[in-house]
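Reader: Please give me a close look at one part of this model. Keep it to how that part packs, what covers it and where it sits.

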Amino acid sequence: MTTPLSSVALVNVASFIGSLGAVGLKGGAKNLKLTIPALAKNWKLQAGVAGYLLSSVFFMLGLKHGDLSVLYPMVSVGYIWTMLWAKLFFGEPLTQAKCGALALILVGVGLLGLGNS
Amino acid sequence: MSATLDTSVTTPVNATPVNTATSSPPGATVSTAPPHTPAPSTPEQKRKALWMVVAFTLMASVAQVLYKMGANALNKVPSGSVVDVAFGSLHFHISAALVAVATNVPMIVGLSLYGMGAVMMVLALQHGELSVLYPIISLSYVWVAILSVLVFHEHLNVYRIGGIAVIIGGVAVLGRSGSR
């Protein structure tokens with residue numbers, strides 16, 4: 001099965017939006033109170049959920065055509081975005097261990113993609 | 001899970017592990033801590049967060065497969081077609097695509113799993129760093145690879161074994177830095 005460029009673009013947009021959604025979820029989780037008024041006021045959490053849903057829509061559109069074994073590994077690019085956002089928005093240190101782990105994960109996902117093709 | 005919900009105050013991003021002797025009993029945290037001085041996450045809470053993400057990846061990989069199945073089924077619905085739906089004397093003309101979505105069990109189950117996964121992620125993010133927890137989602141690749149061998153009897157080649165091993169290695173490194 002060939003994978004159209006539009007599917008590749010859609011999946012990459014999905015993973016980018018998903019990484020932003022994760023920022024919203026993290027921001028909302030920091031002040032999480034599980035009561036209805038508190039959840040109604042937790043705009044960061046709501047934005048995160050919205051981003052998460054929106055990324056799912058793009059992801060589903062991307063998966064309509066194309067090979068899952070090609071498209072699915074592309075989502076891992078979102079991990080790089082998320083690492084950057086974590087540093088930018090939450091001041092999380094990007095330690096050598098984290099960067100090394102991320103590199104390992106990306107290599108592993110690439111290997112799996114090779115094994116699936 | 002209940003320990004996670006007890007501390008409804010904010011969690012600092014760079015929380016240092018606290019001595020267990022100084023941590024408050026469940027329920028007491030809210031009343032003792034001032035509203036803007038978040039209680040640091042305990043190592044136990046951080047470990048729990050890591051495992052919640054692992055559970056999320058299992059759900060997400062099942063959702064992934066269902067998603068694709070649902071999307072494939074939707075492709076077979078001719079665009080612009082209508083179906084007749086009758087409730088007693090009431091007759092409706094409904095877009096076939098709409099009915100196809102509403103009755104698409106794999107898609108609905110897949111979406112529900114994603115929803116539940118999102119809730120789990122939020123609860124996990126209360127006590128863990130985003131830069132640690134988010135890349136752990138890559139474990140879902142490992143689950144899918146294992147599932148495709150076990151369920152669909154796909155061939156386990158060198159690339160796949162290597163990929164699984166390297167991803168697990170990366171996640172292990174993250175888990176180490178996330179539980180301290």
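What crossing does H7(B) make as it passes H8(B), left-handed or right-handed?

Author: H7(B) passes H8(B) in a left-handed crossing. Left-handed means that the near helix is turned anticlockwise from the far one by less than a right angle; clockwise would be right-handed.

First, the ground rules. This is a predicted model, in which local features need pLDDT of at least 70 and side-chain atom pairs count only at pLDDT 80 or more, while totals for chains, interfaces and linings use all residues. Residues are numbered from 1 along each chain as its sequence is written, chains are lettered from A and ligands numbered from 1 in the order in which they are written, and side-chain values use heavy atoms, with hydrogens and water left out.

Now the pair. H7 covers residues 139-150 of chain B, and H8 covers residues 158-178. Helices (H or I, at least four residues) and strands (E, at least two) are DSSP runs, numbered from the N terminus. The two helices pack at an angle of about 150°, with axes 9 Å apart. Axes are lines fitted to C-alpha atoms, for helices over the stretch in contact, and angles run from 0 to 180 degrees between N-to-C directions. H7(B) and H8(B) are therefore roughly antiparallel (over 145 degrees; under 35 is roughly parallel, 65 to 115 roughly perpendicular, the rest oblique).

Who touches whom? H7(B) contributes Leu139(B), Tyr141(B), Val142(B), Ala145(B), Ile146(B), Ser148(B) and Val149(B). H8(B) supplies Arg160(B), Ile164(B), Ile167(B), Ile168(B) and Val171(B). Contact means heavy atoms within 4.5 Å. By class, ten of these residues are nonpolar, one is polar and one is charged. Here Ala, Val, Leu, Ile, Met, Phe, Trp, Tyr, Cys and Pro count as nonpolar, Asp, Glu, Lys and Arg as charged, and the others, Gly among them, as polar.

Next, H3(B). H3(B) and H7(B) pack at about 50°, with axes 8 Å apart. That makes H3(B) oblique to H7(B). H3(B) passes H7(B) in a right-handed crossing. From H3(B), the contact uses Val54(B), Thr57(B), Leu58(B) and Ser61(B). From H7(B), it uses Leu139(B), Ser140(B), Trp143(B) and Val144(B). The tally is five nonpolar, three polar and no charged residues.

The length of H7(B) checks out.

What is hidden in H7(B)? Leu139(B), Ser140(B), Tyr141(B), Val142(B), Val144(B), Ala145(B) and Ser148(B) are buried. Buried means under 20% relative accessible area, exposed over 50%, partly exposed in between (1.4 Å probe, protein chains only). The cover over these residues includes H5 (77-90) and H6 (96-116) of chain A, together with H3 (43-75) and H8 of chain B.

Finally, the setting. Chain B has eight helices and two strands. Its elements run α-α-α-β-β-α-α-α-α-α from the N terminus. Of its 180 residues, 43% are buried. Chain A has six helices and zero strands. Of its 117 residues, 44% count as buried.
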